[in-house]
Amino acid sequence: MQIEDHPSALRNRQPIFEVLDPLLVSHARVLEVASGNGTHGAYCTANRPDLHWQATEADPIKLAVLRSRYEQQGGIQEPFALDALHFDWSSQQADVLLAINLVHISPFSVTAALMLGASQVLPSDGMLLLYGPYRVNGKHTSPSNAEFDANLQQQNPSWGIRDIQTLQDAAAPHKLWLQQRLDMPANNQFLVFTRTH
Ligand SMILES: C[S@@+](CC[C@H](N)C(=O)[O-])C[C@H]1O[C@@H](n2cnc3c(N)ncnc32)[C@H](O)[C@@H]1O
């Protein structure tokens with residue numbers, strides 16, 4: 001199978017790796033939700049072969065692409081199906097739960113499920129890492145994000161760019177605390193939540 005990387009994923013894979021690299025301890029177990037076709041897992045494990053990077057997908061077509069990537073390139077662990085809304089999180093353990101470009105392209109129930117998942121798979125001090133565009137204090141961080149948000153909601157009214165405070169409010173009951181907010185290229189941000197027990 002031909003594996004195609006999305007142009008935006010190719011553009012942001014290096015900045016994403018530069019944030020992840022110092023955050024991930026040696027041999028860190030990364031559980032990636034919504035891996036898409038696996039661009040980020042492939043790139044990060046090529047640069048950090050020590051990582052135990054579990055790629056997953058809800059979409060069967062993308063899961064097939066992920067499996068091809070695993071068979072052709074290795075690096076990532078054998079991918080499996082994971083729909084955040086219907087997943088037995090207690091079957092997994094990870095140091096980091098990672099979701100890149102998921103929170104705005106899914107209903108909020110998916111984010112809520114992700115927070116619940118983080119509370120089950122992460123140890124104390126484990127991290128939930130969310131990458132994508134977010135609003136700050138109710139406001140978009142750029143006119144292009146406002147336009148993108150309108151576009152998303154036109155495609156699906158349950159999608160949209162979330163406010164960081166809304167994410168913090170959903171995270172707190174699961175003892176997930178926002179520790180860092182990093183500005184990324186193209187008006188994206190990396191949110192680093194840490195779990196306490
Ligand atoms: C914009 S893509 C991001 C793919 C990849 N992370 C990237 O940035 O290149 C959004 C992904 O979210 C996945 N997704 C949507 N709903 C999901 C759910 N309930 N559980 C897990 N993944 C989901 C889709 O299948 C899709 O691959």
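Reader: How many residues does the largest nonpolar core have?

Author: In soluble globular proteins, nonpolar side chains tend to be buried together. Here the largest nonpolar core has 48 residues. A nonpolar core is a set of buried Ala, Val, Leu, Ile, Met, Phe, Trp, Tyr and Cys residues joined through C-beta atoms within 7 Å. A residue is buried if 20 or more other C-beta atoms lie within 10 Å of its own, exposed if 12 or fewer, and partly exposed in between, with C-beta atoms placed from the backbone. Keep in mind that this is a predicted model: local features need pLDDT of at least 70, side-chain atom pairs count only at pLDDT 80 or more, and totals for chains, interfaces and linings use all residues. Residues are numbered from 1 along each chain as its sequence is written.

Reader: Which residues have the most contacts inside that core?

Author: They are Val33, Leu97, Ala99 and Leu128. Take Leu97: leaving out residues up to four places away in sequence, Leu97 touches Leu31, Val33, Gly117, Ala118, Val121, Leu122 and Leu128. Two residues are in contact if their C-beta atoms, placed from the backbone, lie within 7 Å.

Reader: Now the sheet, please. What is the order of its strands?

Author: Strands of a sheet pair through backbone hydrogen bonds, either parallel or antiparallel. In this model, an open sheet of 7 strands runs in the order β3-β2-β1-β4-β5-β7-β6, and its pairing is mixed. At the edges are β3 (77–81) and β6 (176–184), each of which pairs on one side only. From one strand to the next, the twist averages 20 degrees. As for the terms, helices (H or I, at least four residues) and strands (E, at least two) are DSSP runs, numbered from the N terminus. Two strands pair if DSSP finds at least two bridges between them.

Reader: Do β1 and β4 run in parallel or antiparallel directions, and how many bridges join them?

Author: Strand β1 (residues 29–33) and strand β4 (residues 96–100) run parallel, joined by 4 bridges. Within this pair, Leu31 has Leu97 in β4 as its bridge partner.

Reader: Which helices pack on the sheet?

Author: Helix α2 (residues 39–47) is one of them, touching β1, β2 (52–57) and β4, and its direction makes about 170 degrees with that of β2. Helix α4 (residues 108–121) packs on the sheet too, touching β1, β4, β5 (127–132), β6 and β7 (188–195), with its direction at about 160 degrees to that of β4. For such angles, axes are lines fitted to C-alpha atoms, for helices over the stretch in contact, and angles run from 0 to 180 degrees between N-to-C directions.

Reader: Why is α2 called largely enclosed?

Author: Because 7 of the 9 residues of α2 are buried, the helix is largely enclosed by the rest of the structure. Those buried residues are Thr39, His40, Gly41, Ala42, Tyr43, Cys44 and Thr45. They pack against α1 (7–23), β1, β2, α3 (60–73) and β4.

Reader: And what about β7, where does it pair?

Author: β7 pairs with β5 in the antiparallel sense over 6 bridges, and with β6 in the antiparallel sense over 8 bridges. Tyr131 has Phe190 in β7 as its bridge partner, while Arg181 stands opposite Leu191 in β7. β6 and β7 form a hairpin with 3 residues between them, and Ala186 in the turn has a positive phi of about 60 degrees.

Reader: Which other residue has a positive phi although it is not a glycine?

Author: One of them is Asp125, with a phi of about 80 degrees. Asp125 sits in the loop between α4 and β5. It counts as exposed because it has 10 C-beta neighbours inside 10 Å.

Reader: Is Leu116 in helix α4 or in a loop?

Author: Leu116 is in helix α4. Leu116 has 16 C-beta neighbours inside 10 Å, so it counts as partly exposed. Apart from residues up to four places away in sequence, Leu116 touches Trp89 and His174. Leu116 and Trp89 are 27 residues apart in sequence, yet their C-alpha atoms are 8.4 Å apart in space.

Reader: Last one: how many residues surround the ligand?

Author: The ligand is surrounded by 21 residues, the closest being Ala34, Gly36, Ala58, Asp59 and Asn101. A residue is near a molecule or strand if its C-beta atom, placed from the backbone, lies within 6 Å of it. By class, this shell has 11 nonpolar, 6 polar and 4 charged residues. Ala, Val, Leu, Ile, Met, Phe, Trp, Tyr, Cys and Pro count as nonpolar, Asp, Glu, Lys and Arg as charged, and the others, Gly among them, as polar.
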